[in-house]
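Please consult the sequence and coordinates shown here alongside the text.

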Amino acid sequence: MESKKQFFLECYELGIIKFGRFTLKSGIESPFYVDLRPLASDPKILKRLANYLLDMLPLDNFDLICGVPYAALPMATAMSLESYLPLIIKRKEAKDYGTKKMIEGIYTKGQNCLLVEDVITSGKSLLETIPEIEDEGITVSDIVVVLDREQGGKEMLEGKGYRVHTLFTISEVCKMLKEEGHLTDDEVLRIDDFLKGNIVKFEEKKRASYETKLANAEHSVAKKLLEISLEKKSNLIVSADVITTQELLDLAEKVGPHIVALKTHIDIITDFDPDTTILPLKDLATKYNFMLMEDRKFADIGNTQELQFSYGIYKISNWADFVTSHVIGGYEALDCFLNVGVVAIVGMSSKGTLTNKNYQEEALKIAQSHPNVIGGVSQKQLPEELLLFTPGVNMGDSGDGKGQQYQTPEYVFKNLQTDFMIVGRGIYKAEDAEKAALNYKIAGWNAYLESL
């Protein structure tokens, strides 16, 4: 069996690495240039490359395989053929006709995808690709790369929790080429100096602190929510998915000291009464300094939403501090929510949700421009001026079997840069709801501090 060195030298003969003086896309001058596209023109080498890459991986961990466009597409295809892992194709850009899909192929939400890249430098192209795959409900945990230029990309991605497997590094490539007389000592020294002096760090914008968001907040509800958060050192919202008044009040009494808001579904309370349900609930909110978030998820034309908001037996406008609303009715449909804040439903956490990328982009435009909107519910980052509310947070489970996908506090604060995490069953179904709320409060606050 050939050695890894022999295989690389055969690849090198195809002209995949050039040495000299090259200006990179970043504007930096480099003493070498890597282009692995010629490998796709030699079927035997491509097949062997696929097997070298597959041999490094725990294949049982993956359901799908995908190549970063464009150079890695033939590599991923060859790996799919050798491993029988189904291939999905990530487009460089969506078509403006037909399905307008970014991801082509047959897949199921919740599957784990192996991502294939030809060369890694800063990792920027991977950071652009991964969210578009994850937007489809597909998990990305591992990335396999043919050549690491050793300029910070691998370390950056590993710092974000991804496992990065590399077949070659530029250092070992240079060592092999020097041994074979293809590089002089001076050329190797020049490359070493370049790598030491030009580590490319993908600049990430730091998340805004609560203090900064408070200073910039315009809506009174957003201001109050941030003030409570800073005062209580909490970013926890508990979802009270209970069905009786007594359960609701008992839960509010237990978790009240630790939360910034209690999220209700008031229409599931089987014995609702304004005097015995709402009045004591408001008293508890005052006693423990938390706000009331009615998760009504309004989704109708403006006139109907106004009636649902202000009339009927619930009279939500009389007691809720902020409400959730879809934006499917358009900008003007949100005008009816006077004197409360609106949290726009930009994306949902359930498996199979129809809030795809195109919907999210249009919903976000409305959320950013409407004065009643204080933030959004989403499974991805939102613009800094909006507060991000992330549901589906659970420290113990990954899902509930009914389509709900859970994330940890560490993940949502570090990766999504969420502002407020929403926890339901992890607290109200806990043996000790008060203790569970305290644990989530501490975990959420520590995760926020570590994300700054």
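The model is predicted. Most residues other than glycine have a negative phi, and most peptide bonds are trans.

**Cis peptide bond.** The bond joining P69 to Y70 is cis, its omega being near 0°. Y70 belongs to the loop that runs between β3 (64-67) and α3 (73-83).

**Positive phi values.** K297 is a residue other than glycine, yet its phi is positive, near 50°. This lysine is part of strand β11, which spans residues 291-298. N339, likewise not a glycine, has a positive phi of about 65°. Its position is in a loop, between β12 (322-325) and β13 (341-345).

Are these two side chains buried or exposed? K297 counts as partly exposed because its relative accessibility is 27%, a value between the limits of 20% and 50%. N339 counts as exposed because its relative accessibility is 79%, which is over 50%.

| Residue | Phi | Relative accessibility |
|---|---|---|
| K297 | near 50° | 27%, partly exposed |
| N339 | about 65° | 79%, exposed |

**Helix α1.** Which residues of helix α1 (residues 4-12) are buried? They are F7, F8, L9, C11 and Y12. What do these buried residues pack against? Their partners include two strands, β1 (17-23) and β8 (163-169), together with the helices α2 (43-55) and α6 (170-179).

How values were computed. Residues numbered from 1 in each chain as written. Predicted model: local features only at pLDDT ≥ 70, side-chain atom pairs only at ≥ 80, totals over all residues. Heavy atoms only, no water. Helix = DSSP H or I, 4+ residues; strand = E, 2+ residues; numbered from the N terminus. Buried < 20%, exposed > 50% of the residue type's maximum accessible area, 1.4 Å probe, protein only. Contact = heavy atoms within 4.5 Å.
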